[in-house]
Amino acid sequence: MPRPNSFRPELTRRQMLQSGAIAGTLLGMGDLGLLSQLRPVSAEEARLDPNVVRLDSSIEPLVRLIEQTPRAQLMEVVAERIKKGTSYREVLAALLLVGVKNVEPRPSVGHKFHAVLVVNSAHLASISSPDEHRWLPIFWALDHYKSAAQRDVEERGDWTMSALDDSKILPHAKARAQFIEAMETWDEEKADVAAASLARTGGANEIYRLLFKYGSRDYRSIGHKAIYVANSYRTLGCIGWQHAEPVLRSLTYALLMHEGSNPAKRDDEADRPFRRNEEIAAKLRDDWTTGKLDPGATLAMIETLRSGSNDDACDQAVQLINGGAHPQAIWDAIHVVAGEMVMQQPAIVPLHSVTTTNALRYAYETCGDDQTRRLLLLQNAAFLPMFRGGMNGRGNVKQTLATNLEATKPEGDATQAVEDIFAQLGSDPTSAARLTLGYLQDEENHAAKAKQLIDAARVLIFRKGTNAHDYKFSSAILEDYYHVSPQWRNTYLASNIFLLRDSQRADNQLVSRIEAALA
């Protein structure tokens, strides 16, 4: 990602803080001046196309509003609706559904489909923010959807999810059996009918136990399948299960994305770890979720993830857990190495090692099926060497190690330290990482200081972020910081700071639009 080439030493620390808007109040959506009005919708426009997926009647009008409003006017039009009483949850639901309806998760579950994948990340950023900041990530995601929808028109001929014949809906028991069979045989048509049937006849926990498994089974689209499973589950938990059917149909279609012939009938590299892990998962001891949180086990796992194959990584995880290590010791190693990869190559492949780990860790913590949880841990261990292979293929991989990062004691109080970290990040990210480690190593008021750093990072994403990865990545690391054991979490955050946003870059276009509207 491009960064400024020059650091501005002539600015005082306080001026840099102000220019980066860390200390300032982010523009609130509640104060947005309305610049346009909704035009009347004709009876013809309101008529539903019987060949297009039907959405819940409560949200259909808002979805169509987002579809039909030009990008240049969408922010003002949606703000008008909010002022008239449309809720945050309704906007979030419409944002997710307009994406699954109009953006195809093919040929890759990524690229333009980030309009869907980023919805939960924007939501996480919103709920973790002060009230006055809460609308900005959602408005950014609305604007991002419009650009993705245009790309879909250009690349895929304006794909739209089709309607499903209600006569094909299956009873629950048959739907579940057909869904499993169709996913195992990669049968898109049968899986689509079964997914819609499960949405109508089953519950979220039962269905997502299956989806957590199938979201982790192959490495295609560098982790986006697992990310979509976790993010869709989390967003549906906010907006309501009544919106599940189109989401599950889109998700199933995404999980069955593949290249070439039927993967069930060939031995592709993307599928091998899962097939092997289904066998070795049974070798974990019966009480595998207990054990000792052993730093030595974490270090041993870190070394294997750095240099071993995906088979080596999975075998090591089984060996360490069977030797008495707690699974958290393995997760700590996975998080640390994913962050270390970001430090070694601050680019798109290691970024996805972090966001995929976040998704698989969430699935692991959420899923109630013991066999699936075993697979999720082992699959994550297998994926990291595959991500490393992708990094090596791109070249310019630094040989720095996160565990060797030396801390630099920051000057001044906590506010000044945070200010220095994000001011230096653009021109000297290694120094910013060292300052971060030094800042977090101070045991006095550690929790409050960590929160101050995380809050500043989030505000800078709001103001400086320019793409879906900014939201996905920042939401993942700021959440997983608290999932890593205290001994390792400071190293984790310091290494990942390489892909956060610095305070010296310009505000993004959305902030400029808000300011222009207010003027």
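User: How are helix axes and the angles between them defined?

Analyst: Axes are lines fitted to C-alpha atoms, for helices over the stretch in contact, and angles run from 0 to 180 degrees between N-to-C directions. Contact means heavy atoms within 4.5 Å. Helices are DSSP runs of H or I with at least four residues, numbered from the N terminus. This is a predicted model, in which local features need pLDDT of at least 70, side-chain atom pairs count only at pLDDT 80 or more, and totals for chains use all residues. Residues are numbered from 1 along each chain, and side-chain values use heavy atoms, without hydrogens and water.

User: What describes two packed helices?

Analyst: Two packed helices are described by the angle between their axes and the distance between the axes. Here, α16 (residues 327-344) packs against α18 (residues 370-394) at about 15°, with the axes 11 Å apart. Angles under 35 degrees count as roughly parallel and those over 145 as roughly antiparallel, so α16 is roughly parallel to α18.

User: Which residues of α16 and α18 meet?

Analyst: Among them are Trp331, Ile334 and Met341 in α16, and Leu377, Leu384 and Phe387 in α18. This contact has 13 nonpolar residues, two polar and two charged. Ala, Val, Leu, Ile, Met, Phe, Trp, Tyr, Cys and Pro count as nonpolar, Asp, Glu, Lys and Arg as charged, and the others, Gly among them, as polar.

User: At what angle do α5 and α6 cross?

Analyst: The axes of α5 (residues 88-102) and α6 (residues 114-127) cross at roughly 160° and come within 8 Å. Therefore α5 is roughly antiparallel to α6. Their contact holds eight nonpolar residues, three polar and no charged ones.

Methods. Helix = DSSP H or I, 4+ residues; strand = E, 2+ residues; numbered from the N terminus. Parallel < 35°, antiparallel > 145°, perpendicular 65-115°, else oblique.
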